[in-house]
Amino acid sequence: MSIYKQKKRWKILLFIIAVLIVTGSLWYSNIMVRKIAEKERQNISIWADAVQRRADLVTYTQEFFKSIEDEERKRVELLAEATQRLVLAENSEELTFYSEIISGNTTIPVIQTDAEGNIIGVKNIDFDTSLIKKLEGELQKEFSIYEPVTVDVFGNISYLYYKDSRTYTEIRAYLDDLVQSFISEVVLNSVSVPVIITDSTRKKVLEYGNLDPQKMKEPAFLSKTIEEMSSQHDPIVIDFAGQGKRYIFWKDSYLLTRLRFYPVVQFGIIGVFLLIAYLLFSTARKSEQNQVWVGMSKETAHQLGTPLSSMMAWIELLRLKQMDNDIILELEKDIQRLEIITDRFSKIGSPAKLIPENIVKVIYDSIDYLKPRTSKKIIYKVNLTPKKEIIAPLNIHLFEWVIENLCKNAIDAMNGVGSINIDITEDNKHVYVDITDTGKGIQRANHKDVFNPGFTSKKRGWGLGLSLSQRIIRDYHKGRIYVKQSVIDKGTTFRIALRK
């Protein structure tokens with residue numbers, strides 16, 4: 001018993017050490033994960049702030065270019081006003097003033113036509129006016145982006161057609177590149193942030209990045225992802241001039257998401273490894289124990305064979321000398337019992353042949369054998385009559401061995417004085433045999449340990465009876481044997497559960 005107490009202490013100690021190691025590892029890993037996660041959050045925060053600043057810059061630039069556009073329109077209108085007033089100039093000063101306004105336009109391309117569209121004047125135009133006499137076709141389309149300005153001189157109507165200046169066109173192209181590069185940089189971000197850019201409806205996706213292209217085709221996935229992004233962070237809103245609002249939805253990077261679950265995954269991997277290691281060592285230990293049991297049983301059967309043969313010869317010699325016949329009969333019973341025991345040992349390690357037997361009769365036969373060989377102060381009680389039949393697949397010799405072991409343990413627990421009650425019950429699938437004694441009982445902590453080899457409370461016991469009984473019931477009969485209940489100083493009940 002001290003071996004198993006020591007073994008249990010070692011198990012507890014090793015378990016505590018394992019818990020400390022795992023806890024320490026998880027604690028340190030968690031600290032590292034938190035630091036990396038915090039750094040990742042900082043990077044994402046910097047990214048989001050940069051996106052917001054860039055968005056503000058794009059919005060500001062668009063507003064600035066809108067103001068330039070308005071200014072160019074005003075300059076054309078001023079040019080038209082100056083053209084009208086030039087004709088009406090009353091003195092040379094006015095004439096010079098309006099002429100300077102008209103000649104001061106060096107950037108805005110302007111075409112002046114009459115009411116029929118015939119070109120009557122151009123400014124800042126890079127084509128040959130001698131070849132093109134009328135504003136039509138592609139040229140008219142090019143100069144019709146904005147409404148023409150009407151010039152009325154004494155009822156003679158003419159029109160000033162204009163388009164964006166070369167400088168403004170170049171700046172506008174730069175703005176478009178700026179907007180496109182902004183969207184591309186948001187999508188292809190360096191911190192691997194999943195991002196979706198939608199239109200003002202928040203449903204139509206314009207661009208996305210760091211998301212599975214196949215899944216993005218699924219409306220359910222898209223809706224769920226946008227909802228998830230909205231719950232994590234408020235979307236960044238950008239108002240593109242002439243294009244409406246754009247919403248930038250984003251969420252934490254996959255790296256940050258993985259880092260959150262890393263300690264749990266690590267703990268799971270360690271747990272699986274320890275479980276596999278335990279199962280492997282446990283299987284190896286059980287296999288080794290089985291080999292020891294089989295080897296010991298075979299050797300015991302072999303060693304018993306020689307004295308049994310000799311004893312049978314002595315019985316025949318006693319008969320020839322006409323010794324007391326009752327003594328000879330008892331000796332023959334013991335020799336037959338030894339033969340059964342030898343047969344039991346020889347069957348250990350070999351497949352047991354199970355035959356449907358009346359379990360009530362088998363138990364009565366076992367008790368009949370034990371009664372004359374145990375103290376008369378032991379009272380045996382079976383709750384069923386010998387005539388009752390309960391059929392179960394048994395190997396009689398091995399099952400009788402279990403009954404004998406349980407009864408002998410009960411007798412030792414009662415110090416040779418008390419009663420042994422055997423209750424046999426059944427249901428549709430199982431037969432139950434409960435063996436109850438009035439002995440000293442078993443502590444709850446030892447209910448499982450009693451079946452371990454070497455566990456015993458006796459000073460001169462080997463501690464093999466219950467272990468052998470468990471193997472016979474579990475391995476050969478595919479049943480169960482366990483401590484059903486036990487009360488200190490009142491008794492113990494062992495239950496055997498067999499399949500019908």
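These are my notebook entries on what I looked up in a predicted model of one protein chain.

**Ground rules**

I number residues from 1 along each chain as its sequence is written, and I work with heavy atoms for side-chain values, leaving out hydrogens and water.

**Overall make-up**

I looked up the secondary structure and found 11 helices and 15 strands in the protein chain; helices (H or I, at least four residues) and strands (E, at least two) are DSSP runs, numbered from the N terminus. Of the 500 residues in the chain, 36% are buried, where buried means under 20% relative accessible area, exposed over 50%, and partly exposed in between (1.4 Å probe, protein chains only). I noted an accessible surface of about 30900 Å², with 57% of it belonging to carbon and sulfur atoms; the areas come from the Shrake-Rupley method with a 1.4 Å probe, and for residues only the protein chains shown count as cover. I then turned to contacts (heavy atoms within 4.5 Å): of those between residues at least 6 apart in sequence, 65% join residues at least 24 apart.

**Helix α1**

In helix α1 (residues 2-87) I looked up Ile-21, which counts as exposed because its relative accessibility is 56%. Together with Trp-10, Leu-13, Leu-14 and Ile-17, Ile-21 makes a nonpolar surface patch of about 500 Å². Patches are made of residues with over 30% relative accessible area and no salt bridge, like charges being joined within 9 Å and nonpolar side chains (Val, Leu, Ile, Met, Phe, Trp, Tyr) within 5 Å. Phe-65 also has its place in helix α1, but Phe-65 is buried, with a relative accessible area of 4%. I noted that the C-alpha atoms of Phe-65 and Ile-171 are separated by 8.1 Å, although these residues are 106 apart along the chain.

**Salt bridges**

I counted seven salt bridges in the structure, each being a side-chain nitrogen of Lys or Arg within 4 Å of a carboxyl oxygen of Asp or Glu.

Glu-142 and Lys-163 meet in one of them, at 2.1 Å from N to O. This pair links distant parts of the chain, 21 residues apart, with Glu-142 in helix α3 (residues 137-142) and Lys-163 in the loop between β4 (156-162) and α4 (166-187). Glu-142 is partly exposed, at a relative accessible area of 35%.

Glu-228 and Lys-251 form another, their closest N and O atoms being 3.6 Å apart. Glu-228 lies in helix α6 (residues 219-232) and Lys-251 in the loop between β8 (244-250) and α7 (254-320), so this bridge ties together parts that are 23 residues apart in sequence. Glu-228 counts as partly exposed at 33% relative accessibility, whereas Lys-251 is buried at 10%.

Within helix α9 (residues 359-370), Lys-361 and Asp-365 are four residues apart and therefore separated by about one helical turn; their salt bridge has its closest N and O atoms 3.0 Å apart. I also found a network of salt bridges that links Asp-434, Lys-484 and Arg-495.

**Around Phe-451**

My search of the whole structure found three aromatic pairs, which are rings of Phe, Tyr and Trp (its six-membered ring) with centres within 6.5 Å, planes under 30 degrees apart counting as stacked, over 60 as edge-to-face and the rest as tilted. In one of these pairs the rings of Phe-451 and Phe-494 have centres 6.1 Å apart and planes at 85 degrees, so the pair is edge-to-face. Phe-451 lies in the loop between β13 (430-436) and α11, and Phe-494 in strand β15 (residues 491-499), so the pair ties together parts 43 residues apart in sequence. Both Phe-451 and Phe-494 are buried.

The backbone oxygen of Phe-451 is reached at 3.4 Å by the side chain of Ser-467, a residue of helix α11 (residues 465-476) that counts as buried at 2% relative accessibility.

**Positive phi**

Most residues other than glycine have a negative phi. I noted Arg-202, in the loop between β5 (195-198) and β6 (205-209), with a positive phi near 65 degrees. Asp-489, in the loop between β14 (480-487) and β15, has a positive phi near 70 degrees and is exposed, with a relative accessible area of 62%.

Terms used: Predicted model: local features only at pLDDT ≥ 70, side-chain atom pairs only at ≥ 80, totals over all residues. Polar contact = N/O pair within 3.5 Å; in protein donor to acceptor, adjacent residues only side chain to side chain.
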